[in-house]
Amino acid sequence: MADDKHHTMTKGVDKLILEDDKKDEAEIDEEQQLNDDPDEDDISPEEFAALNSQMDQLNSALDVLEEQNDMIHAKLVDLLESNRAARKQFKEEQEKKLKETADKK
């Protein structure tokens, strides 16, 4: 009886190992397919130069967007600080008016 359990467990472990090996082989095959690009050498120098130029243009556009984003962020920070100062001043004026009203009574 103990031998049957041992045999069954051994078969189960062997089956898991085989399934894992099959998964590894499938992953390796998929990786090789991704790395074996048949179109890799088909780019002419002119096409490469055009792609390089487009990448430079995209990089410049992204730089402009980043600069605009930084300016907007700085303006928002200034606006928030101004808003806080205005609210603080308004609150102080309200408290002063309430104190004056309470002192008159």
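Buried means under 20% relative accessible area, exposed over 50%, and partly exposed in between (1.4 Å probe, protein chains only). This is a predicted model, in which local features need pLDDT of at least 70, side-chain atom pairs count only at pLDDT 80 or more, and totals for chains, interfaces and linings use all residues. Residues are numbered from 1 along each chain as its sequence is written, and side-chain values use heavy atoms, with hydrogens and water left out.

Colour by element. The chain exposes about 10,500 Å², and carbon and sulfur atoms supply 55% of that area (Shrake-Rupley method, 1.4 Å probe).

Switch to cartoon. Helix α2 covers residues 45–104.

Select Glu47 in helix α2. Its side chain reaches the backbone nitrogen of Ser44 at 3.0 Å. Glu47 counts as partly exposed because its relative accessibility is 42%.

Next, select Ile43, Phe48 and Leu51. They form a nonpolar patch on the surface, with about 310 Å² of accessible area together. Leu51 lies in helix α2 and, at 43% relative accessibility, counts as partly exposed.

Last stop: Asp63, Glu66, Glu67 and Asp70. These gather in a surface patch of negative charge (Asp and Glu count as negative; charges are placed at CG of Asp or CD of Glu). Glu67 is in helix α2.

How values were computed:
Patch = residues over 30% accessible without salt bridge, like charges linked within 9 Å, V, L, I, M, F, W, Y side chains within 5 Å. Salt bridge = Lys/Arg side-chain N within 4 Å of Asp/Glu carboxyl O. Helix = DSSP H or I, 4+ residues; strand = E, 2+ residues; numbered from the N terminus. Polar contact = N/O pair within 3.5 Å; in protein donor to acceptor, adjacent residues only side chain to side chain.
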